[in-house]
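Visitor: Hi! I have a model open and would like to talk it through. Could you walk me around it?

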Protein chains: 2
Amino acid sequence: MNKAINRLLRNRVSFLTDTGPGEDIVISSRVRLARNLAGRVFPVAADQSELEKIGATVAAAVRDSGALGDDALTLPVNLLGEDDCEILFERRLVSRDLLARGLGAVLCCRADESAGVMVNEEDHLRIQSMQPGFQLREAWEKIDKLDSLLMTKLDFAFDEKYGFLTSCPTNVGTGMRASVMLHLPGLVMSNQIQSAIQAVSKLHLAVRGIFGEGTDNRGNLFQISNQSTLGESELQILARLESVIRQMIAHEKNARRLLLEKEQFALLDQVGRSYGLLRHAYRLSVDEALNLLSGLRLGVDLGMFSSVDIGTVNELFISINPAHLRKLAAGEEDIDVARAKLVRERLKK
Amino acid sequence: MNKAINRLLRNRVSFLTDTGPGEDIVISSRVRLARNLAGRVFPVAADQSELEKIGATVAAAVRDSGALGDDALTLPVNLLGEDDCEILFERRLVSRDLLARGLGAVLCCRADESAGVMVNEEDHLRIQSMQPGFQLREAWEKIDKLDSLLMTKLDFAFDEKYGFLTSCPTNVGTGMRASVMLHLPGLVMSNQIQSAIQAVSKLHLAVRGIFGEGTDNRGNLFQISNQSTLGESELQILARLESVIRQMIAHEKNARRLLLEKEQFALLDQVGRSYGLLRHAYRLSVDEALNLLSGLRLGVDLGMFSSVDIGTVNELFISINPAHLRKLAAGEEDIDVARAKLVRERLKK
């Protein structure tokens, strides 16, 4: 186990545990920028030696710029063990693509995990900024500063007509992808989620599960992000996304209100059962735990559990995943037993 | 609501809440005697006026004998409301047959419900005695005294060759049916219950669910009783039944031990989930509640819940039934909501 990973595990992930506006429905806001070095081959086409050189150049520039703070972490992927990589993935600091790159791939990140740079993912740089709650503007302002600081050290590929050049045409232009993670149990319980997703998709926004495409609606968590990066300014893209998110929040609040009015006991029952099982079960699969945490989170939002802190629930969404468990509950043979034990202990506090 | 029924509802049913030997597996022991008045038509053949006369005669004799104590209750079935009747049935003080008889049918019982006489059920008298835990001998001794006291006031139909004469040939002889209610979650969880039931059936003993035939294994509760009443003395019948019950107890203990050894977390999980749901659900059906109470009872037996009293669990097996709930949780519209509320409150204490 890498020492830096150990440091990360001691973090109470700030973008999950700090309070933020709209936190009853929006868990976190995230903005990332795709950037590439001028005159250098894109990672997808670069050979091993080129990837290593770029990795070293960018990591040094990030460090020298001071963009990620004095205690920033620099983690070359090829030096990490399998579980270290999985922990970074479960904490949403790296993508599967970065991990697959291997040699030359590097994660640079702030010690508090609120910002980072993936080096040699699909692009030379994928700069990320995360904020708790519904704070896309704040995430944008922070990443804009990071971008400016990095530009003092690196020359980014930029075209007057197209904007920032990227490996994949869907990122050309601003290179920006903004996303929010929403907790939508009300829309799911009232069977409105599919029509809501369809409506959002028609607006050229993408809807995905917590760990990306194919993870569906585990824990009733959904990410909504912009699809296009070209033809609009960053602020226009953010404004359009924010407007849709505000509508989703209103829909979800309305669904919860109607459920409380018309199916009060079905709602209370789901919440109560979720809490009862999380507090007392001795075996939990990831999928069941995510769904129960969703029920508990709804109960906390509704004021049913004054003793449970919303940050604890958010953090459990991360720490119940397999690699975290293998580290946090070392020695326990059965992963489902370890998961139930961790949850019981965290909720007892 | 009959005032006497209200009095019963205030009882902590002694045969359920007092501690008794072997109470971790045997919930209660019960003996009943079938008796008929000499020279009178059996209830099944009697007309209305005859039934009324017999009802009055027997009720007066029971009262005058003092067999059921000074504060005994006398409840003519035709004066009871529908829910009153159901409450008596749920408390196992009357049978469906007695309730169906109507005019002339009477329940006489001790104020603490530990003994009673059904008048004009299938026979003129069905005398019952109930004890907590595994105490067939004690139940027998008590009912033998009741029987003797009643004999000072009533002339029972008795044949030197056949013994006591009864409406149905299966009761002729001793007229005795002895039964115990067993809680067998270990045999159920380890899939041994069917073979255990088959083995018991071959010994001319009957196995039934908590509320008689057709109620299967709700709550993992099983009644075992003697089938034949002829050709053996009461003490021989009891000795044979006791021997089988002791074997069942040994089987159940063995099953629990093996589950704890080999499937510890499956067992803990079932118990923990049962407790968590009972403490926090907002809607419970009878069947789910019975099964969860079974899980909780197992947990109490295993020493997992020091704060939960076994008598409280036993009593809930009765009070979660519909008629009790309609009375205990009056005003609550949804019976499943009322049931969950009652259970939450009882387990909180």
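Guide: Happy to, and one term first: two strands pair if DSSP finds at least two bridges between them. Strands are DSSP runs of E with at least two residues, helices are runs of H or I with at least four, and both are numbered from the N terminus.

Visitor: Good. In β4(A), which residue is the bridge partner of A:L107?

Guide: That partner is A:M118. The two strands involved, β3 (residues 106-109) and β4 (residues 115-119) of chain A, run antiparallel and are joined by 4 bridges.

Visitor: Before we go on, what should I know about the model and its numbering?

Guide: This is a predicted model, where local features need pLDDT of at least 70 and side-chain atom pairs count only at pLDDT 80 or more, while totals for chains, interfaces and linings use all residues. Residues are numbered from 1 along each chain as its sequence is written, chains are lettered from A and ligands numbered from 1 in the order in which they are written, and side-chain values use heavy atoms, leaving out hydrogens and water.

Visitor: Thanks. In what order do the strands of the chain A sheet come?

Guide: The order is β2-β3-β4-β5-β1-β8-β10-β9, giving an open sheet of 8 strands with antiparallel pairing. At the edges stand β2 (73-76) and β9 (205-208) of chain A; each has a single partner strand, so one side of each lacks a neighbour in the sheet. From one strand to the next, the twist averages 20 degrees. Angles here run from 0 to 180 degrees between N-to-C directions, with axes fitted to C-alpha atoms, for helices over the stretch in contact.

Visitor: Which helices pack on it?

Guide: Helix α8 (residues 193-202) of chain A touches β9 and β10 (221-226), its direction making about 145 degrees with that of β9(A); contact means heavy atoms within 4.5 Å. Helix α9 (residues 234-262) of chain A lies across β1, β8 (176-183), β9 and β10, at about 10 degrees to β8(A).

Visitor: And between helices, how do α1(A) and α4(A) cross?

Guide: The axes of α1 (residues 3-10) and α4 (residues 82-90) of chain A come within 10 Å and cross at roughly 35 degrees. Residues A:I5, A:L8 and A:L9 in α1(A) meet A:D84, A:I87 and A:L88 in α4(A). By class, that contact has 5 nonpolar, no polar and 1 charged residues. Nonpolar covers Ala, Val, Leu, Ile, Met, Phe, Trp, Tyr, Cys and Pro, charged covers Asp, Glu, Lys and Arg, and the others, Gly among them, are polar.

Visitor: What rotation superposes chain B on chain A?

Guide: A rotation of 180 degrees does, with 0.0 Å of shift along its axis and an RMSD of 0.0 Å. That is the relation of a two-fold axis.

Visitor: Which residue of chain B comes closest to the rotation axis?

Guide: B:G276, with its C-alpha at 2.0 Å. As for the interface, 100% of the interface residues of chain B are also interface residues in chain A, so the copies meet through the same surface.

Note on methods
Least-squares fit on C-alpha atoms with pLDDT ≥ 70 in both.
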